[in-house]
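User: I'm new to this one and would like to learn how to read it. Could you walk me through it feature by feature?

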Amino acid sequence: MPRFLLMTISYIVSLILTFSSFFMKLNGQSFLEISNRFSVVFAPVDGSHVIWIVIYLFTGYWLVMNIKKTSMKQSALFSCINILQALTIYVWHHELFIVSLGITLLLVLYLFMLYNTYPLHDKSLSGRIPFAIYFAWMTFIFITNISFTLTAYGWNGFGLSTPLWAVILLTLGGAIALHIRFHHFDIMYPSVFIWAYIGIALHNGFDELLVTTAALFLCGVLLVGILFIKKNPAYQK
């Protein structure tokens, strides 16, 4: 019973902090006010963050459906994920950007561990799907936060232009998404990256045409990967 209580409380706290960060000023500023302070090319349009509604609806459904079915490992990972999510909100609003990167990386790793507790053939809302979406979005957010933090600290990019670095990060994210698509037989993970890259294209528009073009091109590549990449049956679990 205590672990189920911890799962529920940590979920509620994480949910409240995440959504309040968009609509309330924590430590005197909202999440988007901080995010929009610097001109970061590798960033989605503000509206892209509505995916948090999907994430919390699906993880909430998972929690209700599995409250008495989860293993000890899954319960512990789920609780830790919620705690880490809450911590990222706290440190972000206190502008501890490097600390936020470290916590976000831990969050991505814990999500991957929970994601991996399900077999490749699992395609249910009470199974792997909620964490495929959450894992993908946090991977994208981690890459975005790297770009934001480097910009905030005035990194010169080793002489390369900001748009070029954005294209490099877009390519890296696309490669990760295709890797998960193939090795984990997952269409939800790259679908989230398509959503995120459309957001980047909308954010940059015609101001950074190279970035916008690269983002839309990679959306096409990811869509092809979703439709046509097939995992060798010998590797399926």
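**Reading the fold, the spaces and the salt bridges**

Analyst: Happy to. Let's begin with burial: of the 237 residues in the protein chain, 49% count as buried. Keep in mind that this is a predicted model.

User: What is the chain built from, and how many helices and strands are there?

Analyst: Nine helices and zero strands. Reading from the N terminus, the order is simply α-α-α-α-α-α-α-α-α.

User: How do I read the overall shape? What radius of gyration does the protein chain have?

Analyst: You set the radius of gyration against what a compact globule with that number of residues would have. For 237 residues that is near 18 Å, and the protein chain has 18 Å, so the two agree. Along the principal axes, the C-alpha atoms fill a box of roughly 55 × 50 × 25 Å.

User: Now the empty spaces. How does one find them?

Analyst: Rolling a probe the size of a water molecule over the atoms shows where empty space is left. Here, a search of the whole structure turns up one cavity of 30 Å³ or more. The largest cavity holds about 170 Å³ of space. It has 15 lining residues, and those closest to its centre are Phe31, Gln85, Thr88, Ile89 and Ile141.

User: Which elements give two or more residues to that lining?

Analyst: They are α1 (2-23), α4 (72-93), α5 (97-115) and α6 (129-152). The largest share, four residues, comes from α4. By class, the lining of this cavity has seven nonpolar, eight polar and no charged residues.

User: And the pockets? How much space lies in the largest pocket?

Analyst: About 280 Å³. The largest pocket has 16 lining residues, with Ser147, Thr151, Trp155, Thr162 and Trp165 nearest its centre. Both α6 and α7 (162-183) supply at least two residues of this lining. Its classes come out as 10 nonpolar, six polar and no charged residues.

User: Which residues lie nearest the centre of the second largest pocket?

Analyst: Ser35, Ala43, Pro44, His49 and Thr144, out of 16 lining residues. This second largest pocket contains about 210 Å³ of space. α2 (31-35) and α6 each bring at least two residues to its lining, and α6 has the largest share, with four. By class, the lining has nine nonpolar, six polar and one charged residues.

User: Last topic: salt bridges. How many does the structure hold?

Analyst: Two. To spot one, look for a side-chain nitrogen of Lys or Arg within 4 Å of a carboxyl oxygen of Asp or Glu. Glu33 and Lys25 make one of them, with their closest N and O atoms 2.4 Å apart. In the other, the side chains of Glu95 and Arg37 meet at 3.0 Å, N to O. That pair links distant parts of the chain, 58 residues apart: Glu95 is in the loop between α4 and α5, and Arg37 is in the loop between α2 and α3 (51-66).

Note on methods: Residues are numbered from 1 along each chain as its sequence is written. This is a predicted model: local features need pLDDT of at least 70, side-chain atom pairs count only at pLDDT 80 or more; totals for chains, interfaces and linings use all residues. Side-chain values use heavy atoms; hydrogens and water are left out. On a 1 Å grid over the protein atoms alone, a cavity is a set of points where a 1.4 Å probe fits but cannot get out, and a pocket is an open set with protein on both sides within 12 Å along at least five of seven lines; lining residues have an atom within 4 Å of a point. Grid points are joined across faces, edges and corners, and a volume is the space filled by probe spheres set on the points. Ala, Val, Leu, Ile, Met, Phe, Trp, Tyr, Cys and Pro count as nonpolar, Asp, Glu, Lys and Arg as charged, and the others, Gly among them, as polar. The radius of gyration is taken over C-alpha atoms; the globule rule is 2.2 Å times the number of residues to the power 0.38. Buried means under 20% relative accessible area, exposed over 50%, partly exposed in between (1.4 Å probe, protein chains only).
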